Amino acid sequence: MKHTDTKQQQQHSLYLEVCSQNEEPSLPLHTSIALFLLSYCECKSFRVFLVAAKPCGSQSLRSQLPESLDLCDIQLEDLPLLVRGCHFPAAVDETGRYCRAGLAVVLRHIISKTTEADPSRKDVLALLGFKKTCLKACAEVSQWTRLCEIGIPSAVEEHLQNPTNQYLQLPPAILHLEKKLGEPVKVHNDDKIRRQKLQQQRQNKQGESPEAQGNPESQAARPPQACDGLELSAALAKLSVDAVPSPATRENSEIRKVKTTDLPPLEHVFAEGLYFTLTDVVLLPCIYQYLCSLQTHAASALAQLPLLRRWYSRVQEVPGVVRAAQACGMALSTPQTPGSSPQAPAAEAVPTSQVEEGLERTMQAPFVGGPRPTMTKLKEDGIEAVFSPHPCPAWTLPWDDLPGAINPTEGKMSDVRAVRKRQQLNNLVAMVTELARPGYTVVDFCSGGGHVGIVLAHVLPDCQVILIENKEESLIRAKSRSAELGLANIGFIQANLDYFTGPFHIGVALHACGVATDMVVEHCAQAGAAFVVSPCCYGFIQNTIKFTFPRSKRFQETLSYKEHMVLCRFADQTAVQLPPERRHIGKQCMGLVDLDRSWAAEAHGYSVRVMTMEPESCSPKNNMLVGTQRQKSGLALAASQLEGAAHN
């Protein structure tokens with residue numbers, strides 16, 4: 001392995017973690033997945049840095065490292081600042097100011113760089129799916145991304161580290177994946193394929209024994225053509241494989257008259273349905289290690305995973321998969337069926353409902369009735385919305401004197417909306433500048449196109465500003481605007497909010513939708529940072545894996561979850577076209593929801609002001625929460641300033 005220097009860090013770089021197990025270096029699953037994709041894509045667009053907490057001889061890892069890659073070792077203290085504050089894997093562009101972090105974001109970037117360098121690699125582009133959205137939605141809002149990016153890798157790593165008593169009781173995440181593989185497939189042209197499947201079923205009906213019908217285990221054991229002929233045909237046709245030609249004949253008139261609801265469902269060939277996608281790339285190294293462990297210690301557990309075993313065999317038929325796996329030291333093989341071993345009851349003993357409760361409990365029944373009973377209940381308990389006075393209602397940025405690239409009109413919005421956006425920025429920037437000190441790091445969460453962060457970087461030249469956004473298009477637009485301004489104190493991180501772990505002093509978010517506001521406040525609390533947050537989309541607030549509502553003890557003692565949801569739903573009733581009385585009730589509901597949030601933050605040592613932006617007409621969602629830690633004395637504040645200066 002070669003070692004790097006400072007100049008080499010400025011190249012287009014990919015940082016992958018190396019961990020230590022029993023004093024020996026090992027690769028965590030997210031590193032193995034990234035290496036497998038690099039090998040599958042034959043991508044040479046990155047210089048790959050293996051990041052270890054302490055010096056370790058990576059020679060023992062050579063069998064798991066594709067020889068085609070440009071690999072270097074690097075220590076944690078030598079990482080670029082943006083990378084140092086992010087989860088791995090992480091990729092940094094040649095400027096060192098744009099960092100992509102987290103498994104799904106980095107994998108999609110590898111695909112993008114591969115096809116950019118070689119546009120003929122249509123097979124690589126196809127990994128992103130029909131609409132190029134595979135694993136695009138962040139794990140904070142997408143149950144499927146969370147399962148693939150976090151749930152499965154975490155479950156497998158925990159199993160490998162603590163295998164005792166886990167062989168007969170399969171991890172809930174694995175069982176959930178098995179369940180997903182058994183659900184009907186929906187694809188954009190499924191009507192045509194389902195009619196072809198119905199026609200094929202009727203043609204083959206006489207040659208199929210009744211006992212073989214409707215038995216998933218027997219289907220998994222049968223030859224491929226017998227269990228999912230049309231599905232396999234479509235999948236292989238997509239992969240340009242001629243082994244099973246796609247039917248070209250049109251269905252007969254009798255088939256065309258069958259109602260869509262009466263057509264047979266399509267079965268999974270790959271994880272997301274018929275086609276090989278990035279999801280399969282993520283899952284293969286995980287399932288490879290998991291099945292290897294099961295085959296060695298508890299073959300009977302395989303009986304609970306017939307669909308996963310079949311998927312595992314299917315993936316190996318994809319051109320390039322076996323080659324890429326071998327380059328990463330993965331000796332793929334077809335898992336042996338455990339013969340006549342009895343089905344263990346673990347699949348029933350560990351119900352997937354436990355997983356579904358965490359992943360799918362967000363679905364709630366519609367509410368009936370208005371907010372008045374809930375508001376009355378709170379009032380009887382002495383709880384009413386209270387808004388602090390705005391400390392500087394007339395404060396405004398000198399918009400006419402600012403560079404054009406700072407003006408929100410650069411974001412291609414109407415003049416009326418641009419005026420309101422400037423008013424919103426006046427409010428947030430006024431609060432942040434009140435809190436900021438030289439050397440501070442200010443993080444603009446859910447930054448979008450950078451309206452807030454770019455203004456802050458311009459008016460606070462002695463502070464470091466970091467924009468965090470999951471949507472690549474928005475962040476690239478912000479990067480372009482900051483380059484036009486020549487800002488040297490700004491950085492960009494494309495990642496889930498949770499994947500940023502660096503220190504900072506102030507967190508800001510303009511119109512963070514739904515639970516995103518709660519995530520920002522929690523992130524600030526974990527970092528001991530002040531926050532200036534404008535909530536939005538109250539109707540999207542709901543219980544998640546991380547958060548339950550109400551948030552504060554006082555509200556929990558007074559309201560049920562459904563009663564709190566009533567407030568959230570009606571808090572969105574503040575649009576200007578609504579009657580004044582209805583808007584007033586909506587504003588009160590907004591105030592109550594944010595009062596609950598403020599009390600939850602105060603329980604963590606914060607002093608929080610809930611105020612209204614000025615003028616109120618700048619947005620229907622015009623609340624603003626400003627929180628500072630109470631326990632920070634003048635001495636602690638000075639120490640925090642020194643820490644910020646040293647960090648930057």
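Tutor: An angle between two axes is called roughly parallel under 35 degrees, roughly antiparallel over 145, roughly perpendicular from 65 to 115, and oblique otherwise. The model is predicted.

Start with helix α16 (residues 372-380) and helix α23 (residues 580-602), which pack at an angle of about 50° with their axes 11 Å apart. The two helices are therefore oblique to each other. The crossing in which α16 passes α23 is left-handed. On the α16 side the contact is made by R372, M375 and L378, and on the α23 side by E581, I585, Q588, C589 and L592. Sorted by class, this contact has five nonpolar residues, one polar and two charged. An α-helix has 3.6 residues a turn, so residues three or four places apart point the same way.

Now turn to another pair. The axes of helix α6 (residues 172-181) and helix α12 (residues 306-315) come within 8 Å and cross at roughly 75°. That angle makes α6 roughly perpendicular to α12. I174, L177, E178 and L181 in α6 meet P306, L307, L308 and W311 in α12. By class, seven residues of this contact are nonpolar, none is polar and one is charged.

Ten of its ten residues are buried, so α12 is largely enclosed by the rest of the structure. The buried residues of α12 include the charged R309, R310 and R314, and also W311 and Y312. For the whole chain of 648 residues, 54% count as buried.

The largest nonpolar core has 79 residues, and W311 is listed with I152 and I287 as having the most contacts inside it. Helix α11 (residues 278-297) gives the most to this core, with eleven residues. Leaving out residues up to four places away in sequence, I152 touches L147, A173, I174, L177, L283, C286 and I287. Of these, I174 and L177 in α6 also take part in the meeting with α12. Apart from this core lies another, of 61 residues, among them C72, C86, I466 and Y499.

As for the setting, the secondary structure of the chain comes to 24 helices and 15 strands. Of the contacts in the chain with a separation of 6 or more, 74% are between residues 24 or more positions apart.

Definitions and conventions. Residues numbered from 1 in each chain as written. Predicted model: local features only at pLDDT ≥ 70, side-chain atom pairs only at ≥ 80, totals over all residues. Heavy atoms only, no water. Axes fitted to C-alpha atoms, helices over the stretch in contact; angles between N-to-C directions. Helix = DSSP H or I, 4+ residues; strand = E, 2+ residues; numbered from the N terminus. Left-handed = near helix turned anticlockwise from the far one by under 90°. Contact = heavy atoms within 4.5 Å. Core = buried A, V, L, I, M, F, W, Y, C linked by side-chain atoms within 4.5 Å. Buried < 20%, exposed > 50% of the residue type's maximum accessible area, 1.4 Å probe, protein only.
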